[in-house]
2 protein chains.
Amino acid sequence: MNAEKIPNIIITRLPVYLRALQRMAESGLKTTSSQEMGERVGISAAQIRKDISQFGEFGKQGTGYSIPYLVDKLREILKVDRMWDVIIVGAGDMGHALARYQGFSNRGFNVVMIFDNDKSKVGQKIGDFTIEDTANLVEKVKSAGIKIAMLTIPATAAQEIAEKLAQAGVKAILNYAPISLNVPDDVKVQHIDPATHLQRMTYYL
Amino acid sequence: MNAEKIPNIIITRLPVYLRALQRMAESGLKTTSSQEMGERVGISAAQIRKDISQFGEFGKQGTGYSIPYLVDKLREILKVDRMWDVIIVGAGDMGHALARYQGFSNRGFNVVMIFDNDKSKVGQKIGDFTIEDTANLVEKVKSAGIKIAMLTIPATAAQEIAEKLAQAGVKAILNYAPISLNVPDDVKVQHIDPATHLQRMTYYL
């Protein structure tokens with residue numbers, strides 16, 4: 001199980017499998033097959049078997065996968081068998097939505113701070129959070145040892161904040177701004193945008 | 001170019017290529033290579049070449065891809081060389097964020113209506129939109145011939161609304177609710193959630 005050996009493209013699929021398996025577990029299922037998983041996630045059964053086999057022998061021919069076991073293994077592989085502190089930068093609509101999102105804690109994430117560069121928002125509350133000034137971002141994030149940030153500020157300010165995040169030691173940025181960020185090679189960026197997801201469906205319309 | 005022949009897994013990558021290419025175009029670039037694209041999107045150059053070659057011969061050995069040409073072709077393949085009307089169901093934080101999102105119009109989408117099932121929100125404004133009652137959803141969506149919806153309501157109400165959307169003729173649902181939807185086979189569902197994207201990065205931390 002060597003990080004360098006597994007192609008990134010396989011890594012991108014594992015959280016999708018994990019989400020499907022966790023939902024199956026919530027609905028009381030104990031075992032599944034690559035066929036059933038495939039129908040749920042829209043990936044071929046053969047691909048799923050191949051992806052999962054990269055990490056060892058998880059299923060038995062004829063009996064399928066144990067859901068709790070595979071959930072545990074995927075959580076371990078993806079390092080979400082622990083909790084990660086995460087910050088939100090940008091207290092607009094999306095920042096509010098993320099601050100109130102219920103789906104982080106059972107997936108390995110814990111929002112701990114929210115920042116904005118708009119002085120009129122600093123000091124305001126979102127739920128239990130008090131919005132903090134991005135002027136203090138580097139110091140606060142560095143001293144707390146936080147490695148993950150979600151960036152929900154407008155495109156015009158995103159690059160500047162991304163540089164501050166890198167300076168603060170952040171190694172993973174989930175970018176909601178519709179621009180490409182220039183960050184050091186050791187900082188991972190994932191883009192999340194609804195248009196990309198919609199375009200995955202228009203092909204079939 | 002037969003919809004049945006191209007694996008869904010390839011289709012899911014094309015919008016990522018298109019987004020990267022459109023950003024390159026915006027920054028003034030005219031040509032690119034599978035290597036350069038690969039660095040931008042985190043997918044191997046070989047995979048990119050293989051994916052794109054499914055649809056014909058777009059690049060020339062040694063000269064790379066023409067960005068405007070490949071953008072046009074991908075838009076055509078994904079059927080976003082036209083505009084699609086889209087509705088939002090759920091006028092909470094996420095619904096507000098989507099209603100104000102600037103990244104739809106240049107990617108093939110046009111938000112036309114916003115619905116909520118909370119009577120106290122019906123009639124309120126979000127920008128130029130007036131929030132409409134989900135009680136009228138089937139009738140309004142059907143008569144407007146809308147095929148695409150973004151679902152940003154809480155998990156408890158999502159299944160019921162998904163059924164209404166299917167009844168109204170919607171064929172593509174972008175689901176922000178953290179549950180699996182049961183819909184007819186001819187309705188595509190894409191899940192979008194930040195935790196999945198974060199888990200694609202924790203592996204490397």
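Predicted model: local features only at pLDDT ≥ 70, side-chain atom pairs only at ≥ 80, totals over all residues.
Figure 1. Tyr101(A) and Phe104(A) are both buried. Tyr101(B) and Phe104(B) are buried.

**Figure 2. Overview of chain A.** Chain A contains eight helices and ten strands. Along the principal axes, its C-alpha atoms fill a box of roughly 60 × 40 × 35 Å. Chain A has 205 residues, of which 52% count as buried. Among contacts in chain A with a separation of 6 or more, 56% come from residues 24 or more positions apart.

**Figure 3. The interface of chain B and chain A.** Accessible area lost when parts come together is often used to give the size of an interface. Here chain B and chain A bury about 6100 Å² between them, with 63% of it on carbon and sulfur atoms. In chain B, the residues that lose the most area to chain A are Gln199(B), Tyr203(B) and Leu205(B), together 14% of what that side buries. Each chain brings 63 residues to the contact. Six salt bridges and 32 residue pairs in polar contact are found across the interface. Elements of chain B that each supply at least two residues to the side touching chain A include helix H5 (93-100), strand S10 (188-191) and helix H8 (194-202). H1(B) gives the most to that side, with ten residues.

**Figure 4. Lysine over tyrosine between the chains.** Lys188(A) lies over the face of Tyr204(B), 3.9 Å from the ring centre. Lys188(B) lies over the face of Tyr204(A), also at 3.9 Å from the ring centre.

**Figure 5. Surroundings of Arg107(B).** Arg107(B) is placed in the loop between H5 and strand S4 (109-116) of chain B. Its relative accessibility is 7%, under the 20% limit, so Arg107(B) counts as buried. The side chain of Arg107(B) makes a polar contact of 3.1 Å with the side chain of Asp193(A). Leaving out residues up to four places away in sequence, Arg107(B) touches Asp193(A), Ala195(A), Thr196(A) and Gln199(A) in chain A, and Arg19(B), Gln22(B) and Val80(B) in chain B.

**Figure 6. Salt bridges between the chains.** Asp193(B) forms a salt bridge with Arg19(A), with the closest N and O atoms 2.2 Å apart. A salt bridge also links Asp93(A) and Arg100(B), with the closest N and O atoms 2.6 Å apart. Asp93(A) lies in helix H5 (residues 93-99) of chain A and Arg100(B) in helix H5 of chain B, so this pair joins two chains. Asp93(A) is partly exposed, at 23% relative accessible area, and Arg100(B) is partly exposed, at 43%.

**Figure 7. Salt bridges within a chain.** Over all chains, the structure holds 20 salt bridges. Arg13(A) and Asp51(A) form one of them, with the closest N and O atoms 2.6 Å apart. Arg13(A) in helix H1 (residues 8-26) and Asp51(A) in helix H3 (residues 45-53) are 38 residues apart, and both are buried. In chain B, the side chains of Asp133(B) and Lys119(B) meet in a salt bridge of 2.7 Å, N to O. Asp133(B) is in strand S7 (residues 132-133) and Lys119(B) in the loop between S4 and strand S5 (125-126). Asp133(B) is buried, at 14% relative accessible area, whereas Lys119(B) is exposed, at 55%.

Methods
Residues numbered from 1 in each chain as written. Chains lettered and ligands numbered in written order. Heavy atoms only, no water. Buried < 20%, exposed > 50% of the residue type's maximum accessible area, 1.4 Å probe, protein only. Lys NZ or Arg CZ within 6 Å of the ring centre and 35° of its normal. Contact = heavy atoms within 4.5 Å. Buried area = accessible area lost by both parts, 1.4 Å probe. Salt bridge = Lys/Arg side-chain N within 4 Å of Asp/Glu carboxyl O. Polar contact = N/O pair within 3.5 Å; in protein donor to acceptor, adjacent residues only side chain to side chain. Helix = DSSP H or I, 4+ residues; strand = E, 2+ residues; numbered from the N terminus.
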